[in-house]
Amino acid sequence: MAMKKKTACRKKTTSENKCASRSKKTKTESRQWIIADGGSWVEKKAPKTKKIVVDGKTYDIPVDKDGFVSESSLIMRFAQVDDGDRDDRTRSVNRDLDKTASKTLKLGDKIRPEEIAAWWAHPNESDIIGIDDENTQVFTTEGATRKSSLPYQRKIGIVGTPSERRQVRKALDECFTAGELKKLTADGSVYVFASDERKNLSGNASGYYSPSDGMIVIRKGATSGTIVHETVHRLRHKDTGRTGKFTSSKVNEHARAAKDNPERAHYLRAVEEAGTECETVARMSPFSMNGKRTSYYGALARDPDGARKLMAEDRKLLVGNADPDKKGLKGKKAVSSVEKNFTKTHISSYGYGGEAANKYGFAEHGCVKKTKARKRN
Ligand SMILES: [Zn+2]
């Protein structure tokens, strides 16, 4: 729905945004972008693969520079439920995890594609110990706090220490409804803590979401706020029922605009990040889970304390209070609060490449007051 009345956009007088992130030329489709926070949105390079033939069918198995298969690649293959069943049925992650198959594979640290070829072709016919056997740690739901979300938590693989896995599961249950986790995992979802994926966490990036394969990477030691932020990116992308101006994903539109309309690409990127962060601020439960994280508010203030003050003001606007011990919103309540209040928030003035997030509202949805992006400190 287009905005017809005047909005509460606040006037900004500062000029050019000097965002530390750099725009890279794109020649690829949207699914090839990585939405990195604190670093650049970058094109995802196609992984190196090795061709393996099983029963006459060729599979491209991703390998690292030395030709080995990573644990995260195995987990992601396991989560691709639409492929791998001999009768073309959708594979059941839960059924596979509930029982260890009669054929099992125990792998060392260095995994060659040939070793796991049969499993790769049909993951539901054998189990890799530690990946999809009944005692796997990757898919354990320890840390989950709600029974209704367990079927969806079971579809989320987490590579990390036991405390990191518990941190993710708890954040998901506290900040998202079971229905939202269902949408999040409808076609598989994977969380990987920075380890073998660290190379994609450029600069100070705290995390990233890769729309092409559903991978979320969280830097080790990140606060739960980062987990919520990256999860919101994926939910925006996967929840096709989202039609709101500021709460629907801009990832695909951004990739199209990046080819021939860089100005539009800049504000689409800004609104994807500001909208995602705005929803993160609304959802955090309790608010103290954010820790000392400043996220994109860091671009709006002189110092971290100033950034957290702006975040607390937005929290109050979105939730009604900024009490560190109180819960945030989730489900439709979170989405509606962001849609209703976004143009009044501080975070809506976040800009990229000199184009503020709220310009999306002015240029494409009839919001009336023009503002410029704030200077990034
Ligand atoms: Zn982000």
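This is a predicted model: local features need pLDDT of at least 70, side-chain atom pairs count only at pLDDT 80 or more; totals for chains, interfaces and linings use all residues.

Reader: How many bridges join β9 to β10?

Author: 4 bridges, and the strands run antiparallel. Strands count as paired if DSSP finds at least two bridges between them. Strands (E, at least two residues) and helices (H or I, at least four) are DSSP runs, numbered from the N terminus.

Reader: And which residue in β10 is the bridge partner of Gly 207?

Author: That's Ile 218.

Reader: Which way do the β10 residues point?

Author: Met 215 and Val 217 point one way, Ile 216 and Ile 218 the other, and all are buried. Buried means 20 or more other C-beta atoms within 10 Å of the residue's own; 12 or fewer is exposed, in between is partly exposed, and C-beta atoms are placed from the backbone.

Reader: Switching to helices. What does α5 meet in α7?

Author: Gln 167, Val 168, Ala 171, Leu 172 and Cys 175 of α5 meet Ser 224, Ile 227, Val 228 and Thr 231 of α7. The contact residues are 6 nonpolar, 3 polar and no charged. Contact means C-beta atoms, placed from the backbone, within 7 Å. Nonpolar covers Ala, Val, Leu, Ile, Met, Phe, Trp, Tyr, Cys and Pro, charged is Asp, Glu, Lys and Arg, and the others, Gly among them, are polar.

Reader: What angle do α5 and α7 pack at?

Author: About 60°, with the axes 10 Å apart. Axes are lines fitted to C-alpha atoms, for helices over the stretch in contact, and angles run from 0 to 180 degrees between N-to-C directions.

Reader: OK, α10 now. How far apart are its end C-alpha atoms?

Author: They're 22 Å apart, which agrees with the 22 Å that its 16 residues should span at 1.5 Å a residue. The expected span is 1.5 Å times one less than the number of residues.

Reader: What covers the buried residues of α10?

Author: The cover includes α9 and α11. Among those buried residues are Met 311, Leu 317 and Leu 318.

Reader: And what follows α10?

Author: Gly 320, with a positive phi near 110°.

How values were computed:
Residues are numbered from 1 along each chain as its sequence is written. Two residues are in contact if their C-beta atoms, placed from the backbone, lie within 7 Å.
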